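Me: I am new to this structure and would like a close look at a single part of it. Could you take me through its nonpolar core and what surrounds it, step by step?

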Amino acid sequence: MENRHEDLDISAKLVFDVNLALYLDLVAVLERSGVVTYRQMAARVLNISMDARDDGDVNLSNALEGIAKGFANQEEGLSIGLLKAAHGVRNDEAMGDIPLAPDQS
């Protein structure tokens, strides 16, 4: 079998970009099916962004905050400031975060 892609350079950036594109497509499908809202995804991604900033990864934090803003803009311009104030709040639908699975113990 002929390898037509032998010159393809699989870099860390390419892998990240492909994973991000697949993730965003998955979120759109989940939102359309009613499983998750854009508000919930904005909150989740913003929490990850703020954790990355706390860990010193400013570039990743900025990229993720931009994605969170994109999700927030899908639902009547949800306030990123409000989501930042709720940073660290988990399992709280009122603040827009994805609920955690119930404890199985």
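Reply: Happy to! The largest nonpolar core has 16 residues, and those with the most contacts inside it are Val45, Phe71, Ile80 and Leu83. Please keep in mind that this is a predicted model. Helices α1, α2, α3 and α4 (80–85) each supply at least two residues of this core. The helix that gives the most is α2, with six residues. As general background, nonpolar side chains in soluble globular proteins tend to be buried together.

Let's start with Phe71, which lies in helix α3 (residues 58–73). Is Phe71 buried or exposed? Its relative accessibility is 5%, so Phe71 counts as buried, the cut-off for buried being under 20%. Leaving aside neighbours within four places in sequence, Phe71 is in contact with Leu24, Val27, Tyr38, Met41, Ala42 and Val45. Phe71 also shows how the fold brings together parts of the chain: Phe71 and Thr37 are 34 residues apart in sequence, yet their C-alpha atoms are 8.9 Å apart in space.

Several of those names come back when we turn to the pair α1 and α2. The axes of helix α1 (residues 12–32) and helix α2 (residues 38–54) come within 10 Å and cross at roughly 145°. Which residues meet there? From α1 come Tyr23, Val27, Ala28 and Glu31, and from α2 come Tyr38, Met41 and Val45. Sorted by class, this contact has six nonpolar residues, one charged residue and no polar ones. Val27, Tyr38, Met41 and Val45 take part in this helix pair and are also among the contacts of Phe71.

Next comes Ile80, another of the residues with the most contacts inside the core. Not counting residues up to four places away in sequence, Ile80 touches Leu46, Glu65, Ala68, Lys69 and Ala72.

Ser49 lies in helix α2, and at 1% relative accessibility Ser49 counts as buried.

For a contrast, have a look at Lys13, which lies in helix α1. Lys13 has a relative accessible area of 56%, so Lys13 is exposed, as exposed means over 50%. The side chain of Lys13 is joined to that of Asp17 by a polar contact of 2.7 Å.

Technical notes:
Residues are numbered from 1 along each chain as its sequence is written. This is a predicted model: local features need pLDDT of at least 70, side-chain atom pairs count only at pLDDT 80 or more; totals for chains, interfaces and linings use all residues. Side-chain values use heavy atoms; hydrogens and water are left out. Axes are lines fitted to C-alpha atoms, for helices over the stretch in contact, and angles run from 0 to 180 degrees between N-to-C directions. Helices (H or I, at least four residues) and strands (E, at least two) are DSSP runs, numbered from the N terminus. Contact means heavy atoms within 4.5 Å. Ala, Val, Leu, Ile, Met, Phe, Trp, Tyr, Cys and Pro count as nonpolar, Asp, Glu, Lys and Arg as charged, and the others, Gly among them, as polar. Buried means under 20% relative accessible area, exposed over 50%, partly exposed in between (1.4 Å probe, protein chains only). A polar contact is a pair of N or O atoms within 3.5 Å; within protein, one must be able to donate a hydrogen and the other to accept it, and residues adjacent in sequence count only if both atoms are side-chain atoms. A nonpolar core is a set of buried Ala, Val, Leu, Ile, Met, Phe, Trp, Tyr and Cys residues joined through side-chain atoms within 4.5 Å.
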